Amino acid sequence: MSRYIFRTTTTMKEYNRKKWWIDSNIVRTVEVTADNTADALSQYYQIVNEKFGIEISQHAIKTKSPMWEEDENGKPKQVGWVITGKTLFEDRDNNRCSTQYVDLWVNILTVVDTDF
């Protein structure tokens with residue numbers, strides 16, 4: 001079993017950025033223990049839904065996009081996923097709630113035990 005640390009930055013979809021605003025740190029750091037990355041992601045989805053109120057559908061899981069970063073040699077490496085979720089926003093103009101889509105930029109770190 002390994003420990004996985006999920007660091008998430010949340011953004012509005014581009015078409016909604018002028019009307020809606022979201023705190024980019026609404027999803028705090030999530031840590032889980034799992035046998036593999038797929039199981040860790042499954043736990044992450046559940047925690048994000050229950051604790052932070054952002055629903056991630058099965059379709060969003062299937063269509064997630066890789067998130068890339070350059071290593072020290074300038075070579076791209078995958079560091080996580082960009083996943084679409086949805087959550088409720090208060091529409092103060094209409095005095096009601098509205099479901100809006102957000103992107104979760106999820107950087108995944110794996111922690112392994114140090115062998116001394």
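Helices here are DSSP runs of H or I with at least four residues, strands are runs of E with at least two, and both are numbered from the N terminus.

What you're looking at is a predicted model, so local features need pLDDT of at least 70 and side-chain atom pairs count only at pLDDT 80 or more, while totals for chains, interfaces and linings use all residues. Residues are numbered from 1 along each chain as its sequence is written, and side-chain values use heavy atoms, with hydrogens and water left out.

**The overall picture**

The protein has two helices and five strands, and from the N terminus on they run β-β-α-α-β-β-β. Its C-alpha trace spans about 60 × 35 × 25 Å along the principal axes. Of the 116 residues, 35% are buried, where buried means under 20% relative accessible area, exposed means over 50% and partly exposed is in between (1.4 Å probe, protein chains only). Among contacts (heavy atoms within 4.5 Å) with a separation of 6 or more, 56% are between residues 24 or more positions apart.

**The hairpin**

Strands β3 (residues 65-70) and β4 (residues 76-91) pair in the antiparallel sense over six bridges. Trp68 has Gln78 in β4 as its bridge partner. Five residues sit between the two strands of this hairpin, and Gly74 takes a positive phi near 85° there.

**Rings meeting rings**

A search of the whole structure turns up three aromatic pairs. Rings of Phe, Tyr and Trp (its six-membered ring) pair if their centres lie within 6.5 Å; planes under 30 degrees apart count as stacked, over 60 as edge-to-face and the rest as tilted. Two of the pairs are set out here:

| Pair | Centre to centre | Angle between planes | Type |
|---|---|---|---|
| Phe6 and Tyr44 | 4.7 Å | 25° | stacked |
| Tyr44 and Tyr45 | 6.2 Å | 65° | edge-to-face |

Phe6 lies in strand β1 (residues 2-12) and Tyr44 in helix α1 (residues 37-52), so their pair ties together parts that are 38 residues apart in sequence. Phe6 is buried at 0% relative accessibility, and Tyr44 is buried with a relative accessible area of 0%. Phe6, Tyr44 and Tyr45 make up one aromatic cluster.

A charge turns up by another ring: Lys64 lies over the face of Trp81, 4.5 Å from the ring centre. For that label, NZ of Lys or CZ of Arg has to be within 6 Å of the ring centre and within 35 degrees of the ring normal.

**Helix α1**

With 16 residues, α1 reaches 21 Å from its first C-alpha to its last, close to the 22 Å expected at 1.5 Å a residue; the expected span is 1.5 Å times one less than the number of residues. Its buried residues are Ala40, Leu41, Tyr44, Tyr45, Val48 and Phe52. They cover an arc of only 145° around the axis, which puts them on the same side of α1; the arc is that of the directions from the helix axis to the C-beta atoms. These buried residues pack against β1, β2 (30-34), α2 (58-62), β4 and β5 (96-111).

Thr10 is found in β1 and is buried at 2% relative accessibility. Leaving aside neighbours within four places in sequence, the contacts of Thr10 include Ile22, Val27 and Leu104. Gln100, in β5, is buried at 11% relative accessibility.

Methods. Two strands pair if DSSP finds at least two bridges between them.
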